[in-house]
Each structure stands twice: as C-alpha cells, then as structure tokens.
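Have a look around first, then follow the points below.

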Amino acid sequence: MNDLARLEDLPADYRAALAQQNLVPLWPSLRALLPEGKPRPNTRATHWSYQALRPLLLRAGELTPIEKAERRVLVLANPGHGLDKMQASAAMYLGMQLLLPREWAPAHRHTPNAVRMIVEGEGAYTTVDGEKCPMRRGDLVLTPTGLWHEHGHDGDRPVVWLDVLDLPLVYYMEASYHVDGPRQAVKPARSDGRYARGGLKPTPVFERSSSAYPLLRYPWVDTRAALEALASQLPASEAVQVTYVNPETGADAQNILGYRALMLRPGETLRLPVRSPAAVFHLIEGAADVRIGEQPFTLRQSDTCCAPGYTGVTLANGSFAAPAFFFIADETPLHQKLGVFEQRQ
C-alpha cells in the first residue's frame with residue numbers, strides 16, 4: 001500500500017487555516033489510527049514483583065496516615081502508557097492498597113467499577129451497600145459502579161489487596177467522579193453459601209433476586225475447591241479455569257471487565273489463544289513462568305503481570321509437586337459489547 005502524504009507536505013498557510021477552524025486532515029494519521037492487520041497497542045508486557053513493591057507499600061503506611069491518603073495505594077502503571085497515566089492497559093487500572101490495623105478508609109461511591117483481590121493478611125473488611133464482606137487472601141470482593149463502599153480493619157497485621165478498576169475507560173468517557181458519604185449502617189450478615197451450588201438459585205416465594213449484583217464476595221476457599229474438583233474430572237489436555245459470574249444470570253460479574261481463576265497443574269504448560277483484549281495475571285499461590293510475546297517473566301506468589309491484546313501468552317508451572325493458581329482480569333466483556341472481540345487461534 002502506498003505511503004500517504006505527511007502533514008509537513010501541506011503548505012504552512014493551509015495548515016494554519018485548518019487549525020484556525022479546528023480542522024485536522026485525516027490522511028497523515030490514517031495509518032496510525034487504522035494500522036494494517038492488527039492494532040499497535042501502547043500496553044506493554046509488564047511485570048510487578050510483590051517482593052519489590054511490598055516494602056515501598058509498607059513505608060507508605062509510615063509516611064502517610066490514612067486520614068491524609070483516604071486510599072493508600074501504589075498504582076501499578078504500565079510504562080507503555082506513561083507512568084503519569086496510571087493505567088495498566090487501555091481500560092484497566094491496577095493498584096496495591098494497604099490498610100493498617102484499626103484504620104478506616106471512609107465511605108464513598110464512584111462511577112468506575114472496582115474489584116479487590118486480597119493479597120495478604122486477615123481482619124480487614126469492605127462494607128459494600130451495607131454488606132460487610134470479610135477480606136481473606138484470594139477472596140474477590142466487588143464494589144460495582146454507584147455502590148457505597150468503605151474499608152475497615154479489626155485485625156493486628158497489615159492487609160494488602162489488588163484493586164482492579166475500569167477507571168481508564170470511564171475517565172476517557174469523561175464520566176468519572178466520586179461522592180463522599182457517612183459510615184454505612186451494616187445490614188444483617190448474609191451467607192455466601194446461598195449460591196454455593198451451581199445451577200441452583202434461591203427463589204423465596206417463587207421469585208429470584210432482582211439485584212444487579214446479588215453476590216459481592218467470592219471466597220477463595222470456594223473458588224479453589226471448585227478448581228480442584230474440576231481438575232479431578234477434566235482430561236489433562238483441558239485447561240482448569242472458572243469465571244466469576246453473576247449467579248442469577250450467568251453473565252460476567254461486572255459489565256466492563258471480566259474475572260477468572262485458573263489452576264495450572266504441577267508441570268503443566270498452557271498456551272493461551274491470541275485474543276483481542278488485554279489481560280492481567282495475578283499469582284495467588286505457587287510459582288509460574290509467563291511468556292508474553294517474546295518476553296519471559298518469572299512470577300512468585302502475589303506477583304502481577306500485564307499482557308497487551310493480540311499477543312500470545314504461555315503459562316508454565318515448573319513445579320511437579322504443587323499447582324499454581326492465577327487470578328485473571330481482562331477486557332473481554334467490553335470487547336464483546338463493542339463487537340470488536342477476536343480470538344485468532
């Protein structure tokens with residue numbers, strides 16, 4: 001295909017006249033906007049070591065009291081987007097958040113959707129729309145768009161979790177804002193066990209729940225057990241993976257980003273299909289080698305990495321004694337809603 005004319009090929013007076021009318025010629029930028037064959041993502045394959053960031057996060061707890069921080073977070077920024085953009089991919093934001101014993105992060109609500117994957121510690125909780133959700137390692141807690149939420153800590157050791165938000169997309173749409181609120185009144189505790197059996201939904205008085213988010217906490221003990229049960233039934237050639245879904249509808253747990261848990265059997269290597277959405281891989285347990293395109297990374301427990309879309313990813317568990325467990329967040333629901341989702345192999 002022939003090269004297109006450059007902006008510099010146009011006379012200076014013509015360019016000035018266009019600018020005066022807020023006009024821009026398309027053809028000099030057409031190839032950048034519509035590259036041939038596949039996108040040219042800004043998202044880079046990036047690895048964040050928990051061992052390296054943890055001391056910095058704990059020091060943040062010493063340097064900045066929660067009253068001065070509101071949310072004490074170190075953002076996992078992708079260098080391909082620029083550290084000032086504070087985004088892991090085009091639509092995903094990641095942050096490691098620290099809550100110290102007896103601290104309370106005040107209630108607010110905001111337009112971006114968020115989830116919390118608990119990395120370390122016990123004794124903390126998130127109250128979402130009046131429901132108090134305990135936070136233990138590997139648990140996934142939803143804080144969907146528009147719902148009040150706050151964090152508290154009744155334990156005696158630091159608690160850390162990974163925040164995943166669709167903030168870059170909502171900010172790009174100029175729809176991002178928050179509202180502060182008072183401490184929530186906690187509703188009577190409800191049991192996560194209501195949805196503990198697949199295919200069975202509670203129907204008091206013959207009616208199903210109409211809540212957009214009937215399940216706000218997905219305990220790791222249940223997710224891990226589901227993966228282990230699946231592994232015992234599947235042939236070795238099939239991947240062991242589950243998706244976090246709305247138990248009433250079967251749809252993704254949230255509207256923009258998708259969340260999964262994956263188990264790598266001892267000694268297993270898994271080559272993932274090349275797909276259009278970017279993805280984040282957080283290692284809950286074990287150790288694994290990850291190859292994103294041509295870039296290799298070694299992940300230890302609680303490490304996180306990011307893969308751009310349209311890029312091959314291979315996961316390998318070098319241990320022949322223990323499985324490795326991943327939490328995966330990606331942009332699949334967004335791509336599917338926009339009609340741009342692709343799987344190329």
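This is a predicted model: local features need pLDDT of at least 70, side-chain atom pairs count only at pLDDT 80 or more; totals for chains, interfaces and linings use all residues.

Residues are numbered from 1 along each chain as its sequence is written, and side-chain values use heavy atoms, with hydrogens and water left out.

- Strands β17 (residues 288–292) and β18 (residues 295–299) pair in the antiparallel sense over 5 bridges; two strands pair if DSSP finds at least two bridges between them.
- Strands here are DSSP runs of E with at least two residues, and helices are runs of H or I with at least four, numbered from the N terminus.
- A288 stands opposite L299 in β18.

**The open sheet**
- An open sheet is formed by 6 strands in the order β2-β3-β10-β5-β8-β12, with antiparallel pairing.
- At the edges stand β2 (73–75) and β12 (217–218), each with a single partner strand, so one side of each has no neighbour in the sheet.
- Helix α3 (residues 50–63) packs on the sheet and touches β2, β3, β5 (114–120) and β10 (contact means heavy atoms within 4.5 Å).
- Between β3 (residues 93–99) and β10 (residues 159–165) there are 7 bridges in the antiparallel sense, and Y93 has L165 as its bridge partner in β10.

**H151**
- You will find H151 in strand β9 (residues 149–153).
- H151 counts as buried because its relative accessibility is 0%; buried means under 20% relative accessible area, exposed over 50%, and partly exposed in between, with a 1.4 Å probe and protein chains only.
- Leaving aside neighbours within four places in sequence, the contacts of H151 include R71, Q97, W104, R116 and W161.

**D9**
- D9 is found in the segment before α1 (12–20).
- With 45% relative accessibility, D9 counts as partly exposed.
- A polar atom of the D9 side chain lies 2.8 Å from the backbone nitrogen of R6.
- D9 and P28 are 19 residues apart in sequence and 9.4 Å apart in space, C-alpha to C-alpha.

Methods: A polar contact is a pair of N or O atoms within 3.5 Å; within protein, one must be able to donate a hydrogen and the other to accept it, and residues adjacent in sequence count only if both atoms are side-chain atoms. Axes are lines fitted to C-alpha atoms, for helices over the stretch in contact, and angles run from 0 to 180 degrees between N-to-C directions.
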